[in-house]
Amino acid sequence: MQLDDQKLNQCVEHAVYDLSASYMGVMISLGNQLGLYRAMDGVGPLSSRELAKKTACSERYVREWLNSQVAGGYIDYDSITQTFTLTPEQAMVLANDESPFFIPNAWNIAASMWLDEAKSLQTFRSGKGLSWDKHHDRLFCGVAAFFRNGYRANLVQNWLPTLDGVEAQLKKGIKVADIGCGHGHSTVIMAKAYPESRFFGFDVHEDSIATARELADSEGVADRVTFEVATAKTFPGKDYGLVCYFDCLHDMGDPVGAARYARDTLDEDGTVMLVEPYADDRLEDNINPIGRLYYAASTTMCCAHSLSEEVGLALGAQAGASRLADVFKKAGYGHFRRATETPFNLVMEVRR
Ligand SMILES: C[S@@+](CC[C@H](N)C(=O)[O-])C[C@H]1O[C@@H](n2cnc3c(N)ncnc32)[C@H](O)[C@@H]1O
């Protein structure tokens, strides 16, 4: 068969670019854990010797790491003075843990995918599920860190105000259930913003609930936040003014059953806020870096977890708004509206 050289080169280039990016993930994780980025934040140009001294690391390793960062476009280099600078923009992404653009911790997700590769091989062959708790620990902090960025930047400022009447209710005081809350960042962010309301986070993963409790304590909101181990179809309580799903409904084996159960826990004019990974409805419209990120995670985690639970619908992280609307229709809801979106998330308002 005649090969098209141009197409072959493009494919090789693409694969090498990705291979190089995956190595960079390890460099970013090292830089984060060793405090290399933080030591460069706001101090201007540094030599490798100065950075090594500031971080109590070996100069030869630091120099090679710096070279990798320059080659990867993450750190600026002055060839005359042979110094390295982290710009304020790079610091927002790489050094400042409080920034909504901070990425290094999210590389734990990729690490966990490699560490769990043998389990994924098995699931492909058996067709069986792999529940959330069976993954390597690095998954949980990685996912929490990745989604937390978007919640910090958007949840209170942009998302809740787009839901009809919900912000006013939260200010006045309602009960809020955060289903599949994981480490509880979404719950705690809301609790800090709306002190008159009461927040209940539920998740099947015991370790995540333990971490969420610690977060509520350390953020000073334990008086108005409760975290409990519970499934989406059995969580306790009634008369919730708001039931939320943050990036988790598609992970569930039975999203229709979960939505139906939630319907019965809502008060008269209660709202469901559904936050899902951004996706268009069709594969051909999801051919972009976000689609690629989510389809990959969906393969080894989201579909795998869903298949481990009853029903095993395996919606996938790229279900898209139409399929999500269908879930709520089947669960007996009459109102489903796409309220807003970001490059990473779709936000839906759902009512009885
Ligand atoms: C991708 S994580 C998202 C966690 C969190 N909401 C966030 O945004 O960081 C999905 C979460 O859903 C939880 N989960 C999956 N199936 C569940 C179920 N049936 N009931 C309750 N939680 C569930 C998992 O344990 C996991 O913590």
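Below is a chat about a predicted protein model and its ligand.

Colleague: Before I get going, what kind of model is this, and what do the pLDDT limits do?

Modeller: It's a predicted model: local features need pLDDT of at least 70, side-chain atom pairs count only at pLDDT 80 or more, and totals for chains, interfaces and linings use all residues. Residues are numbered from 1 along each chain as its sequence is written, and side-chain values use heavy atoms, with hydrogens and water left out.

Colleague: Okay, ligand first. Which residues come nearest?

Modeller: There are 20 residues around the ligand, and Tyr151, Gly180, Asp203, Phe246 and His305 come nearest. A residue is near a molecule if one of its heavy atoms lies within 4 Å of it.

Colleague: And which side chain has an N or O atom 2.5 Å from a ligand oxygen?

Modeller: That's Tyr151. For Asp203, a side-chain N or O atom is 2.6 Å from an oxygen atom of the ligand, and for Trp132 the distance is 3.5 Å. A polar contact here is a pair of N or O atoms within 3.5 Å.

Colleague: How much of the ligand does the protein bury?

Modeller: The protein buries 95% of the 590 Å² that the ligand exposes when taken alone. Those accessible areas come from the Shrake-Rupley method with a 1.4 Å probe.

Colleague: What's the shell made of, by class?

Modeller: Eleven nonpolar, five polar and four charged residues. Ala, Val, Leu, Ile, Met, Phe, Trp, Tyr, Cys and Pro count as nonpolar, Asp, Glu, Lys and Arg as charged, and the others, Gly among them, as polar.

Colleague: Which helix gives the largest share of that shell?

Modeller: Helix α8, residues 138–159, with three residues. Helices (H or I, at least four residues) and strands (E, at least two) are DSSP runs, numbered from the N terminus.

Colleague: Zooming out, how many helices and strands does the protein have?

Modeller: It has 14 helices and nine strands. The radius of gyration of the protein is 22 Å, close to the 20 Å from the globule rule for 352 residues, so it is as compact as a globular protein of that length. The radius is taken over C-alpha atoms, and the rule is 2.2 Å times the number of residues to the power 0.38.

Colleague: And where do the domains run?

Modeller: Domain 1 covers 5–95 and domain 2 covers 106–351, with bounds from an automatic or database domain assignment. Their C-alpha centres lie 33 Å apart.

Colleague: What share of the residues is buried?

Modeller: 48% of the 352 residues. Buried means under 20% relative accessible area, exposed over 50%, and partly exposed in between (1.4 Å probe, protein chains only).

Colleague: Now the backbone. Which loop holds Asp247, and what is its phi?

Modeller: Asp247 is in the loop between β6 (240–246) and α12 (255–265). Its phi is near 50°, a positive value in a residue other than glycine. Asp247 is buried, at 6% relative accessible area.

Colleague: Then is Val311 buried or exposed?

Modeller: Val311 is exposed, at 61% relative accessibility. Val311 sits in the loop between α13 (289–308) and α14 (321–330), and its phi is near 75°, again positive in a residue other than glycine.

Methods:
A polar contact is a pair of N or O atoms within 3.5 Å; within protein, one must be able to donate a hydrogen and the other to accept it, and residues adjacent in sequence count only if both atoms are side-chain atoms.
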